[in-house]
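Me: I'd like to learn how to read salt bridges and DNA contacts in a model. Can you walk me through it?

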There are 2 protein chains.
Amino acid sequence: MRALRHPKAEEIELTRVLYALSDPLRLDIVRQLDREGEATCAALDCGRPKSSMSHHFRVLRDAGVIRTRTDGTAHMNGLRRAELDRLFPGLLEIVLAQAAAKIQ
Amino acid sequence: MRALRHPKAEEIELTRVLYALSDPLRLDIVRQLDREGEATCAALDCGRPKSSMSHHFRVLRDAGVIRTRTDGTAHMNGLRRAELDRLFPGLLEIVLAQAAAKIQ
DNA sequence: TCTGTAGTTCGATAATAATCGAACAAACGA
DNA sequence: TCGTTTGTTCGATTATTATCGAACTACAGA
């Protein structure tokens, strides 16, 4: 597939990260990626059509929250944990601790 | 003035807080409130008309980030630091450390 | 009571974002 | 090479949010 854009670590903006994390569905994606390490888009079915899921992955990717690598026909997504922890120490931890809550 | 709604501590939702903080102007308000302890809306002039400022204060208030108390004709705004620190330990600190950046 | 001050609310408009079906693209296996 | 799988991108629609002037409300002081 075409190359997916990822911001460099120094290009990651706090406001964009906060925005990306301010949606319950995206927060759920982040929580699942934290538990499972890496996952394909399809593996994290949130009951939405794939175009909607793709959109949310894109928001997370553009914000610098996740990194997507191509593996055959699949896209493996993982949190950019080390980079985020360095830029905003503690943020992911806070968010993941809470994210276990509900998702409608 | 009429009573302003404030969510109870246990009603504060992480996603709403993150959303409220995901705007550069609101982040700037939060940063100023942190430095100055408490401030009126007018004191934090961000170059917007007061109706716009009022809107952003409302978003912060509705999310549970700030508390507004009436003092004569003025509204004193302050961070709900203790409650936020208890609910999301470290979040404000992270956000304030970064918020010193730019605001367009 | 009249006036000024401080901020909210209303109403309209513009800008952003979410949603989802459909078309498309890339890689793989048969 | 032909289908299958996996996800992206397009396009249109809807929903949410920001913006700002104008009207409004409440309080305080002269």
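Reply: A salt bridge is a side-chain nitrogen of Lys or Arg within 4 Å of a carboxyl oxygen of Asp or Glu. This is a predicted model, so local features need pLDDT of at least 70 and side-chain atom pairs count only at pLDDT 80 or more, while totals for chains, interfaces and linings use all residues. Side-chain values use heavy atoms, with hydrogens and water left out; residues are numbered from 1 along each chain as its sequence is written, and chains are lettered from A and ligands numbered from 1 in the order in which they are written.

Me: How many salt bridges are there over all chains?

Reply: The count is 18. Take Asp34(B) and Arg81(B), whose closest N and O atoms are 3.3 Å apart. Asp34(B) sits in helix 2 (residues 24-36) of chain B and Arg81(B) in helix 4 (residues 81-87) of chain B, so this pair ties together parts 47 residues apart in sequence. Helices here are DSSP runs of H or I with at least four residues, strands are E runs of at least two, and both are numbered from the N terminus.

Me: Which residue forms a salt bridge with Glu38(B)?

Reply: That's Arg69(B), at 2.9 Å between the closest N and O atoms. The two are 31 residues apart, with Glu38(B) in strand 1 (residues 38-40) and Arg69(B) in strand 2 (residues 66-71) of chain B.

Me: Is Asp62(B) buried or exposed?

Reply: Buried means under 20% relative accessible area, exposed over 50%, and partly exposed in between (1.4 Å probe, protein chains only). Asp62(B), at 15%, is buried, whereas Arg58(B) is partly exposed at 46%. Their side chains meet in a salt bridge, 2.6 Å from N to O. Both lie in helix 3 (residues 50-63) of chain B, four residues apart, about one turn of the helix. In chain A, Arg5(A), Arg58(A) and Asp62(A) are linked in a network of salt bridges.

Me: Now the DNA. Which residues are closest to DNA strand C?

Reply: A residue is near a strand if one of its heavy atoms lies within 4 Å of it. DNA strand C is surrounded by 24 residues, the closest being Tyr19(A), His55(A), His56(A), Lys50(B) and Ser54(B).

Me: What does His56(A) reach with its side chain?

Reply: An N or O atom in the His56(A) side chain is 2.5 Å from a phosphate oxygen of DNA strand C. For Tyr19(A), a polar side-chain atom lies 2.7 Å from a sugar or linking oxygen of DNA strand C.

How values were computed:
A polar contact is a pair of N or O atoms within 3.5 Å; within protein, one must be able to donate a hydrogen and the other to accept it, and residues adjacent in sequence count only if both atoms are side-chain atoms.
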